[in-house]
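Good morning, everyone. Please look at the screen. I'll be brief.

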Amino acid sequence: MAITTAPGVTQRMLANGHLELTCRDTSRHIECEPVAAAMWIALKQHNGDIDRAAEVLSALWETDPEDTRYDLIALAGSLCSLGMAQED
């Protein structure tokens, strides 16, 4: 499973560490907290691979890899349901 940005969605990092996602087609706009922003960046750096992103983040955050993977899946599911991401 690879998670990618949905068509028409732009992304931008804000100075406060938040991630802003905006869909041009629906005008939907969301702002993700810094932890979710870090997860999104890790997903992007690893071509949407949840397992690889979880591995890297869990090492950086000193968290359980399975817990981190679960959190990434939850974030991906939320972003997909909002139309901001898609599963390829």
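Predicted model: local features only at pLDDT ≥ 70, side-chain atom pairs only at ≥ 80, totals over all residues.

Residues are numbered from 1 along each chain as its sequence is written, and side-chain values use heavy atoms, with hydrogens and water left out.

Find glutamate 20. It sits in strand S3, residues 19–23. Strands here are DSSP runs of E, at least two residues, and helices are runs of H or I, at least four, numbered from the N terminus.

Is glutamate 20 buried or exposed? It counts as buried, because its relative accessibility is 14%. Buried means under 20% relative accessible area, exposed over 50%, partly exposed in between, with a 1.4 Å probe and protein chains only.

Now its partner. Arginine 12 is the bridge partner of glutamate 20 in S3. Their side chains also make a polar contact of 2.7 Å. That term means a pair of N or O atoms within 3.5 Å; within protein, one must be able to donate a hydrogen and the other to accept it, and residues adjacent in sequence count only if both atoms are side-chain atoms.

Next, the sheet. Strands pair if DSSP finds at least two bridges between them. S2, residues 9–13, runs antiparallel to S3, with five bridges. S3 and S4 are antiparallel too, over four bridges. Threonine 22 stands opposite histidine 29 in S4. Together, three strands form an open sheet in the order S2-S3-S4. S2 and S4 are the edge strands, each pairing on one side only.
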